[in-house]
Amino acid sequence: KLFNTPMEQNLNLEPAQSASGDIKYRNLIGALLYISTSTRLDISYSVNYVSRFQNCYNETHYRYALRILKYLLLTRNLKLTFMRNLNADIIDCFVDADWAGDKNDRRSTTGYAIRMFGNVIYWKSRKQGSVTKSSTAAEYVALSEAVSEIKVILNLLKDFQIKLEKPVKIYEDNSGAIAISKFGNLTKNSKHIEVHYHFVNECYEKGIIEIVKVNSEDNIADIFTKALGRNKFEKFRLELNMI
């Protein structure tokens, strides 16, 4: 049986007591990681999720990893496509986070996609390094990670004599994270966020970035933070130029 999505919604796998040596789980995860970081960004979250059990897996984990392969087989003709579009922004970015999405340790998942002229050039789906106390904090941490990567790309563009006249637009759907980024107004509920994440506000004030509010239903970075239903998944996959 083949599948239209790489992972079922609301999947909650439990760690096994130990790793089963008879199952080539790690080999499969290694191959899937290579594919997800090379061209198939649509499996980034699902591969990130199953790779969390490399020291505690069994047949159940292996079966869900094989589901990703079955999805790839069904969609083997999909390609990450780059299209000429000089009307689009030189660089923009979509950022999202799934607060406390991991049921085992309650850590959140960061997801973002950076585009050049409307074409995705960099994407990331990863579990955050620490537990956050609110969705705003989780979104702000994700925003910080995305801005760090954007600054690296901007330095690369300077080597090619490409200069941006306008700030880089970052599309975010959390109003609280946007407020902290723009105004640095830390409330009693956000003071605990680690200091090194607060350079986002500094970048905003310097005019390096511009934070733009986007509807949650239109935030394509959602595909990197959780397993989506078929309709929403295919919609975002198309918007990421997977054709």
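The questions and answers that follow concern a predicted model.

Q: Why is His61 called buried?
A: Buried means under 20% relative accessible area. His61 has 1% relative accessibility, so His61 counts as buried. The residue is placed in helix α3.

Q: What does His61 touch, leaving aside its neighbours within four places in sequence?
A: His61 is in contact with Leu13, Glu14, Pro15, Ala16, Tyr25, Phe53 and Cys56.

Q: What makes the pair of His61 and Asn58 side chains a polar contact?
A: The cut-off for a pair of N or O atoms is 3.5 Å. The two side chains are paired at 2.8 Å, so the distance falls within that cut-off.

Q: What makes Asn58 a cap of α3?
A: A side-chain oxygen of Asn58 lies 3.0 Å from the backbone nitrogen of Thr60, at the N-terminal end of the helix.

Q: How do you know that the span of helix α3 agrees with its number of residues?
A: Helix α3 covers residues 59–74, which is 16 residues. At 1.5 Å a residue they should span 22 Å, and the end C-alpha atoms are 23 Å apart, so the two values agree.

Q: Which residues of α3 are buried?
A: They are His61, Tyr64, Ala65, Arg67, Ile68, Tyr71 and Leu72. These residues cover an arc of only 140° around the axis, and therefore sit on the same side of α3. They pack against α1 (25–38), α2 (44–50) and α7 (230–239).

Q: How is the packing of two helices described?
A: Two packed helices are described by the angle between their axes and by the distance between the axes. For α1 and α3, the axes come within 10 Å and cross at roughly 35°. The crossing in which α1 passes α3 is left-handed.

Q: Which residues of α1 and α3 meet?
A: From α1 they are Tyr25, Leu28, Ile29, Leu32 and Ile35. Their counterparts in α3 are His61, Tyr62, Ala65, Leu66, Ile68, Leu69 and Leu72.

Q: Is Ser36 buried or exposed, and why?
A: The limit for buried is under 20% relative accessible area. Ser36 has 3%, so this residue is buried. Ser36 lies in helix α1 and, neighbours within four places in sequence left aside, is in contact with Leu41, Ile43, Ser44, Val47 and Trp123.

Q: Why is Lys166 called exposed?
A: Exposed means over 50% relative accessible area. The value for Lys166 is 67%, so Lys166 is exposed. Lys166 is found in the loop between α4 (135–159) and β4 (168–172).

Q: What puts the buried residues of α5 on the same side?
A: The buried residues of helix α5 (residues 175–183) are Ala177, Ile178, Ile180 and Ser181. They cover an arc of only 165° around the axis, which puts them on the same side of α5. Their cover includes α4, β4, α6 (199–205) and β5 (209–213).

Q: Which residue caps the N-terminal end of α5?
A: Asn174 does, with a side-chain oxygen 3.0 Å from the backbone nitrogen of Gly176. α5 is followed by Gly184, whose phi is positive, near 65°.

Terms used. Residues numbered from 1 in each chain as written. Predicted model: local features only at pLDDT ≥ 70, side-chain atom pairs only at ≥ 80, totals over all residues. Heavy atoms only, no water. Helix = DSSP H or I, 4+ residues; strand = E, 2+ residues; numbered from the N terminus. Expected span 1.5 Å × (residues − 1). Buried < 20%, exposed > 50% of the residue type's maximum accessible area, 1.4 Å probe, protein only. Arc of directions from axis to C-beta. Contact = heavy atoms within 4.5 Å. Polar contact = N/O pair within 3.5 Å; in protein donor to acceptor, adjacent residues only side chain to side chain. Axes fitted to C-alpha atoms, helices over the stretch in contact; angles between N-to-C directions. Left-handed = near helix turned anticlockwise from the far one by under 90°.
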